[in-house]
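Have a look at the two chains below before reading on. We'll go through how they meet, then zoom in on one residue.

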Amino acid sequence: MYLLIALFLPLVVFLACLTALRKSQQMAFTASLFAAGVSLLASLAMIPEVMQNPTKLSQATSVNWIPYPPIHFSVGVDGLSLWLIAVTALLTVVAVVMSSGRDSMFLGWLLLLEAGIVGVFAAQDLFLFFVFFELTLLPVLFLMGQYGKDSGKATSMGATIKFFVFTFAGSVLMLAAMTYLFLKAGTFDYQNILLQVQAGSFRLSPAEQMPLFLAFFLAFAVKTPLFPFHAWQADAYATAPSPLGIVMAGLMGKLGTYGLLRFCLPLFPNAARECAGWINGLAILAILYGALVAIVQPNIKRLLAFSSLSHLGFVVLGIFSFHINGLDGAAYQMVCHAVTTGALFVLAGVLEERKGSCEISAFGGLASRTPWLATTFLIAALASSGLPALNNFVGEYLILQGAAFAGFGYAAAAGIGVILSAVYLLWMYQRTFLGPNPDEATADLSTQEAIAIGPLIVLMIWMGVSSGNFLPVQSAVNQKILQQTKMNVEFRVAAPVAAEAVHGN
Amino acid sequence: MGTNVMPSGEELLRFLPEMILAIFAVLVMLWESRHDEHGERPGMPAFALIGLGLAAAASIVAGAAPGYAFRNMLVVDSFATFFRLLLMGIGAMAVMTASPFLRARKAEGGEYYSLILLSLIGQSLMAASNELIMVFIGIEISSISSYVLAGYLKDDKRVNESALKYFLLGSFATGFLLYGVSWIYGLTGSTNLNEIASILGNADIAPDAVLTGAATALILAGLCFKVSAFPFQSWAPDVYQGAATPVGAFLSAAPKAAAFATLLRVFLTAFDPMADRWLPLLIVVALLTMVIGNLAALWQTDVKRILGYSSIANAGYVLVAVAAHSTLGISAVLFYLAAYSVMNFGAFAVVSLREETELKDFEGLAKRQPATAALMTVFMASLIGLPMTAGFFGKFYIFQSAIDAELYWLAGLGLLTSAVAAFYYLRVIAAMYMKPSPEGAPEMAVPAASQQAVMFVAAALTIGFGIFPGWLLDWATRSSGLLR
């Protein structure tokens, strides 16, 4: 029930915003805030049930949707999706608060985006997953295309079309792969397919797995994005209106990494293991390339885009380490990165509103007049660069540990990325907030902005010092996924990993 | 069959839809002549619509008792009934879109409605013919009316060019078809699809495989022209762009649907025994049609031309399902043709609201006419194949049938070209929503009630079939069994 509320209430208000509330902006804002808030409460209300048994599907609903091919509207939550859904709801509330002056359509599209993303995390039917996965493109198309701001050479229209065509092209082959799975297994129901795998009645030979895996991988790699599929990213983040930036940078990338973890590993373990080498290589390239390019970016949002490229490289590295620590770190980092990047985009939006642009050169010496803005920005930047006691540290540490089990070189190379992230974030902070000439004209955080950023800062610290509150539910699911990756494997796994699971707190 | 010449009542019933259309085609003309040549001549579209409604009802009644008619020349099965109803629906949309369009140009004449009905007779015959000569007659009735329709606004230079091009190339293609039919008759001694199948299927009496192959290729070439498949696709954008917009909409839907019906029936009945010979050819044709249609559309700057190339690409998708050579494939074809007719007609109906159809004339439309822009967005989203639209399920069923038939490469490459296609449909959405209104932008005509009805019904069906495709798919599946 809670899940359905979190999924459908935004949809209802989206439809209302497009029709009845079209003309009354104030009403639309109230309704949107209400819908986003109730969704958040509903997603929090799911916690106890999931906590009890994280590997079991909670809040499961399954309704026949299409008779043939049998497609079910089948949704549910487990330990892996729980925090992702909650953070989606939270970031949507933040985004709605930050778009108080926008028109009804804008708010409506934001809510549709929320519904789409929650749907992706909750879908238990492969076809339904695909529908939600593609549905998220529609609100982005209008939010970015209609409300985006040209940034330098990148026009918002060009960035929108680029984003759309890239991600759309990436995912069409996944539909073909899903269809193949359906024709083979007789069902789109993911849990059912996994049960068949477990019972041994459904097996994909390594030769079958490879093309299927690559089709899934391509869709998720473009969405994440993983180097070299990131061409759409910087323009998109730079031109997106700030509230969209919060949701897009914070969450859309997670659709890709979530898909890798949820589907690619259990369904195609042979292929995934076979490809792990070069995928980890790409992840390292993403980490280093993203960080190096971020250093030289003159624009805060572009810098954050490349920082995301780098950080999501960590997540992919963790997933393809095939070690429980790596998987846990990846799952944890998905949530942490959503919180941190969401916060950074809120603040970037605040800065952009003050100065009309996000060019770093437009700023300098802000800190003396804007202590709150400067402090929150510093906390978010430090969290993003992996300072211990803040959230990203936990995830990145676990990932590095997992990567070290997969190969020490990976961990060493990725470690350089952590250092580089401190370089670009702190240097950006220094150029923006510090400096010899104090900025007298810029205002500090308003109450509304403080309300938006507050919960995110609290979460950064909470998730940093007390990961035991969050990690175990994810870890339980990851254990199961790791178990599943050994089930569909035809050859024996070379070196069974001996080390005990070590959690990072 | 016996020797009596008089057809039985049952046989006449199976031919009733065509007879009704013929009667109403004449009635419309007579009705027009009752009125002064320069005055108002109301009621003609209503006449046409009544005729279409009665013909549709007759199709349903006739479809309830499947069987042959006129010495096996016609076959009325659920497949034919599906196409008849689809064609009547397309005809109704063509009438409703055109009536205000033509009135605004002071060009409304009874012959337009009459020609639409006559053209539908031919197409309905094509869907139900069980005989190569009947196929030819159906195609000719359909084509000759279509040629005249393409040149309907005869004072416009582009319209004339369009009609002439359509006529010359179309006649040429029909020649191919007829030549192929004569070869088949020479080789097998029959033009009946079932008899041809039994002769070709019997190794003892089957004629020379090379010659039959050549004859099959000739017939395929003729039909490829009609569905605008590679390498006979180049006429489509010119004709659809040049013809009056409602005519373009009709031409891109009805004759194509009928040609696909013929293609399926002829190749899955008569030439089924030699499927392993023509399937590879069809696969190549399908692939190249998708590639050429989608790539050529990328550079177009006129919305009608974009829709023209898009119709080529869509023919390619349908051919993929034909190449799947299975019941699943046939039902995918039927579903897609229905979905395509609706979304494509909707898009054409929006375009018909304005004189100029350059992409830049659509800039900023969302600000000026939000409802029209929103409707156009629905049709474009469906043509892209976004979820929650009919086009999405249509493509899904097509590529599902291809994967089921183990045509993995065809399915993969087809899906990739359909992703490329997203670009040019997006350009239309981008022009409407993401570009400012240019100075002195042309106002779109306020849509008349009948045009609004077409657009809204098309949009409702596009979304409706996108959320609940079950009913249409069910019908398509029940209609996919050919009477052989």
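Here is a quick briefing on the chain B–chain A interface and on one serine in chain A.

This is a predicted model, where local features need pLDDT of at least 70 and side-chain atom pairs count only at pLDDT 80 or more, while totals for chains, interfaces and linings use all residues. Residues are numbered from 1 along each chain as its sequence is written, chains are lettered from A in the order in which they are written, and side-chain values use heavy atoms, with hydrogens and water left out.

**The interface**
- On chain B, 35 residues are in contact with 32 residues of chain A (contact means heavy atoms within 4.5 Å).
- The two chains bury about 3,000 Å² between them, 86% of it on carbon and sulfur atoms; buried area is the accessible area (1.4 Å probe) that two parts lose on being put together, summed over both.
- B:Phe396, B:Leu426 and B:Met434 supply 20% of the area chain B buries against chain A, more than any other three residues.

**Charges across it**
- The rule finds zero salt bridges between chain B and chain A (a side-chain nitrogen of Lys or Arg within 4 Å of a carboxyl oxygen of Asp or Glu).

**A:Ser385**
- A:Ser385 is buried, with a relative accessible area of 8% (buried means under 20%, with a 1.4 Å probe and protein chains only).
- Leaving aside neighbours within four places in sequence, A:Ser385 is in contact with A:Val418, A:Ser421, A:Ala422 and A:Leu425.
- A polar atom of the A:Ser385 side chain lies 3.0 Å from the backbone oxygen of A:Leu382.

How values were computed
Buried < 20%, exposed > 50% of the residue type's maximum accessible area, 1.4 Å probe, protein only. Polar contact = N/O pair within 3.5 Å; in protein donor to acceptor, adjacent residues only side chain to side chain.
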